[in-house]
Amino acid sequence: MGTEDLARLAGERVDHRFKGLPPDAEGLTVGELAAQRRNLFTGGFATPVLALSAERLEHNLALMETYAARHGLAFAPHGKTTMAPQLFRQQIERGAWGITLAVPHQVRVARAFGTQRVFLANEVVDTAALRWISAELDADPEFRLVCYVDSVRGVELMDAALQGGSRPLDVVIELAAGEGARTGVRTEAECAAVADAVAGTGTLRLVGVAGYEGEVPQADPERVHAWLRRLVALAVDFDKAGRFAGLDEIVVSAGGSAWFDAVADVFAEIPELSAPVLKLLRSGAYVSHDDGHYRKLTPFNRVPEEGALEPAFRLWTQVVSRPTADQAFVNAGKRDAAYDLDLPFAQVVRRDGVERPATGISVTALSDQHAWLRTTEEADLEVGDWLGMGLSHPCTSFDKWQLIPVAEADGTVVDYIRTFF
């Protein structure tokens with residue numbers, strides 16, 4: 001990923017498209033604004049404004065780099081969480097094999113900024129998208145894309161769309177996480193039928209197996225480990241049957257953000273196969289982590305000796321109404337905060353430059369542009385106060401903000417992260 005690709009982002013002009021940024025920064029480039037190192041609280045930023053902690057972002061990037069290396073895992077973090085090429089670059093610079101993505105549009109974003117390895121965790125049957133992927137492969141010998149297949153019909157559609165390309169598209173069979181789970185082939189016999197269909201084409205090349213353990217029904221350590229062993233056994237059986245003959249490496253991939261410890265355990269058991277195994281982990285939410293869903297589910301709760309992720313997002317809002325002693329409203333709602341898994345969490349209040357815990361304050365509901373607050377007698381809250389809120393679910397936090405300030409602990413904004421959703 002070339003620096004010249006990302007330099008385009010620093011040259012983008014600040015204007016009305018970007019929420020929360022200082023109005024008097026209109027017309028500056030993002031790079032010029034970053035160089036001013038304005039303070040988030042005193043530098044003209046307008047509420048609501050979402051900020052990433054510079055220190056916590058750095059901590060999380062370093063922790064997962066170390067974790068993957070310690071366990072002998074290749075890492076392709078899921079880019080759909082952030083859709084931020086600047087963060088893709090940081091992940092790759094920290095040893096990531098490549099970036100996982102979910103749909104072809106996301107691959108186009110990654111390619112626009114020079115990403116050379118993509119794991120596309122979905123079956124693609126759109127003719128226009130497949131032809132674009134084929135053209136990218138033909139134009140750049142260094143570009144590699146690995147894609148799911150999960151049906152014979154899908155293989156047939158892919159084969160028809162890819163006719164005429166000079167390089168085959170690498171595919172992995174997606175094994176479903178169980179009955180009633182999301183996508184993927186349900187049985188090993190059906191996996192073999194899909195593999196046979198791939199072998200019958202000249203446009204596709206079978207390079208491994210993959211799946212997503214986060215979809216295991218009633219997931220617990222025992223069930224997740226059992227499914228992961230099914231996935232490994234499928235790879236072993238395919239290899240014994242000669243389905244991976246001639247490969248330089250065999251891909252075995254799993255790993256969301258809730259069970260990567262189980263992935264590390266089971267992938268450590270993969271026996272020697274006919275080619276080296278690329279044990280590919282795909283966790284994505286770790287970059288920002290969160291104060292709700294992933295804080296409760298993170299595997300580091302089970303293996304605290306391995307470290308701990310830190311929530312890096314904070315949504316800064318301002319109290320705009322205090323109509324009763326037990327009620328208040330701030331100026332951020334569904335347009336600004338993730339709410340699909342949990343409501344935001346009131347964390348800190350700032351008044352006159354002094355920050356203190358948001359004691360006695362809770363978020364009870366969101367409107368489009370307001371958060372509803374319930375306050376107890378302990379709460380000291382006035383109109384004009386800044387309220388910092390934690391969020392749950394990184395994937396639906398990033399997608400509401402196109403340009404996100406990265407702030408140090410004292411509020412100094414050192415960078416801006418551009419997203420493309």
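Arg 37 is found in the loop between helix 2 and strand 1 of this predicted model. Although Arg 37 is not a glycine, its phi is positive, at about 50 degrees. With a relative accessible area of 46%, Arg 37 is partly exposed, because that value falls between the 20% limit for buried and the 50% limit for exposed. The loop that joins helix 2 (30–35) to strand 1 (49–53) also holds Pro 48. Here the backbone has another feature to look for: the peptide bond from Thr 47 to Pro 48 is cis, with omega near -5 degrees.

Gln 218 also has a positive phi of about 50 degrees without being a glycine. This residue sits in the loop between strand 7 and helix 9. Is Gln 218 buried or exposed? With a relative accessible area of 64%, Gln 218 is exposed.

The secondary structure comes to twelve helices and 18 strands. Along the principal axes, the C-alpha atoms fill a box of roughly 70 × 45 × 35 Å. A compact globule of 421 residues would have a radius of gyration near 22 Å, and the 23 Å of the protein chain agrees with this. Of the 421 residues, 57% count as buried. Among contacts with a separation of 6 or more, 70% are between residues 24 or more positions apart. The accessible surface comes to about 17,100 Å², and carbon and sulfur atoms account for 49% of it.

Eight strands form it, in the order 2-9-8-7-6-5-4-3, with parallel pairing. Strand 2 (74–75) and strand 3 (99–101) stand at the edges with a single partner strand each, so one side of each has no neighbour in the sheet. Further in, strand 8 (residues 250–254) runs parallel to strand 9 (residues 277–281), and five bridges join them. One of the residues involved is Ala 254, whose bridge partner in strand 9 is Leu 281. Helix 9 packs on the sheet, where it touches strand 6, strand 7 and strand 8, and its direction makes about 165 degrees with that of strand 8. Helix 7 (residues 152–161) lies across strand 4 (117–123), strand 5 (144–149), strand 6 (169–174) and strand 7 (204–210). The angle between helix 7 and strand 5 is about 145 degrees.

The largest nonpolar core has 121 residues, and Phe 119, Leu 169 and Phe 267 have the most contacts inside it. Which helix gives the most to this core? Helix 9 (residues 221–240) does, with nine residues. A second, separate core has 20 residues, among them Phe 18, Leu 40, Ala 407 and Tyr 416. Returning to Phe 267, and leaving aside neighbours within four places in sequence, its contacts include Leu 73, Leu 228, Leu 231 and Val 232. Phe 267 is also in contact with Val 252, Ser 253, Ala 254, Lys 279 and Leu 280.

Strand 14 (residues 361–366) and strand 15 run antiparallel and are joined by five bridges. These two strands form a hairpin with four residues between them. Within this pair, Ser 362 has Arg 374 of strand 15 as its bridge partner. Strand 11 (residues 327–330) also pairs with strand 15 in the antiparallel sense, over four bridges. Here the bridge partner of Val 330 is Ala 371. In a regular strand, side chains alternate between the two faces of the sheet. In strand 15, Ala 371, Leu 373 and Thr 375 make up the covered face, whereas Trp 372 and Arg 374 make up the uncovered one.

Finally, helix 1 (residues 3–10) contains Asp 5. Asp 5 is buried, with a relative accessible area of 15%. Not counting residues up to four places away in sequence, Asp 5 touches Ala 112, Phe 113 and Gly 114.

Definitions and conventions
Residues are numbered from 1 along each chain as its sequence is written. This is a predicted model: local features need pLDDT of at least 70, side-chain atom pairs count only at pLDDT 80 or more; totals for chains, interfaces and linings use all residues. Side-chain values use heavy atoms; hydrogens and water are left out. Buried means under 20% relative accessible area, exposed over 50%, partly exposed in between (1.4 Å probe, protein chains only). Contact means heavy atoms within 4.5 Å. A nonpolar core is a set of buried Ala, Val, Leu, Ile, Met, Phe, Trp, Tyr and Cys residues joined through side-chain atoms within 4.5 Å. Two strands pair if DSSP finds at least two bridges between them. The radius of gyration is taken over C-alpha atoms; the globule rule is 2.2 Å times the number of residues to the power 0.38. Accessible areas come from the Shrake-Rupley method with a 1.4 Å probe; for residues, only the protein chains shown count as cover. Axes are lines fitted to C-alpha atoms, for helices over the stretch in contact, and angles run from 0 to 180 degrees between N-to-C directions.
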